[in-house]
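Please look first at the sequence and the model shown here, and keep both at hand while reading the report below.

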Amino acid sequence: MPDAVLFFAAGLGTRMAPLTADRPKPLITVAGKTLLDHVLGFAVDIPRKVVNVHYKAAMLRAHLAGRDMAISDESDLLRETGGGLRHALPLLGEGPVFTMNTDAVWRGPNPFETLAGAWNPDNMDGLLLLVDHDRAHGHAGKGDFEIAADGRIDWGPGPIYTGAQIMRTDALLQVPEDAFSMHVFWNDMLARRRLYGVVYDGNWCDVGRPESIPVAEAMLIGAL
């Protein structure tokens, strides 16, 4: 099981406007708790926890003050997901790492435990946590990946990516850009048949827009 996790909290939160005019999206409250605290609760048993910051970084730093948490500062440049992960590597250490977005809530098993239970370093460079459409809420779209019987994935209108994964990080050092999407990283793994998926046996809600907040709160109490 990886011993480090990066929580992506640096984004501008434009889809969540106007609620993000005075706070970063991870500090939006759902069911009385910030989005960031919802996901941090899953990482109690992961020794190294890192949060990256850019937009309204001072508010995130204040929220995390006094916790056993490292900050990956992207104040100088918003690096997107791939670049953000590479920038955080000195804090995360060597070896595979977990990453998780901070704009979703979950009802069911610990997503990190689901990933760790399916991780096979002999075959995998990346493992994405996916969710079937009937367990995904607040999300529009046809899906993200098709998953084969052996767990290998490819682009397609199947299960939805939840924003949680395990990644080897070696290949990140080969990307020349400072800012780049995780898709660049994934496409390399797909070409080498080293990207896998596992389906989450619980409910998940994308909280990317204001109208998703009541949907997430209904899911958390089991009303969906």
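The report turns to a sheet, then to a pocket, and then to one residue in a loop.

This is a predicted model, in which local features need pLDDT of at least 70 and side-chain atom pairs count only at pLDDT 80 or more, while totals for chains, interfaces and linings use all residues. Residues are numbered from 1 along each chain as its sequence is written, and side-chain values use heavy atoms, with hydrogens and water left out.

**The sheet**

An open sheet is formed by 3 strands in the order β7-β14-β9, with mixed pairing. Its edge strands, β7 (104-107) and β9 (136-137), each pair on one side only. Here helices (H or I, at least four residues) and strands (E, at least two) are DSSP runs, numbered from the N terminus, and two strands pair if DSSP finds at least two bridges between them.

| Residue | Residue opposite in β14 |
|---|---|
| A136 | W204 |
| H137 | C205 |

Strands β7 and β14 pair in the antiparallel sense over 4 bridges, whereas β9 and β14 (residues 203-206) run parallel and are joined by 2 bridges. In a regular strand the side chains alternate between the two faces of the sheet. From β14, N203 and C205 point one way and W204 and D206 the other way, and all are buried, where buried means under 20% relative accessible area, exposed over 50%, and partly exposed in between (1.4 Å probe, protein chains only).

**The largest pocket**

The lining of the largest pocket consists of 33 residues, and R15, K25, T81, N101 and D103 lie nearest its centre. By class, this lining has 13 nonpolar, 13 polar and 7 charged residues; Ala, Val, Leu, Ile, Met, Phe, Trp, Tyr, Cys and Pro count as nonpolar, Asp, Glu, Lys and Arg as charged, and the others, Gly among them, as polar. A pocket is an open set of points on a 1 Å grid over the protein atoms alone, where a 1.4 Å probe fits, with protein on both sides within 12 Å along at least five of seven lines, and lining residues have an atom within 4 Å of a point.

**A loop residue**

D125 is found in the loop between α4 (111-118) and β8 (126-131). D125 counts as buried because its relative accessibility is 10%.
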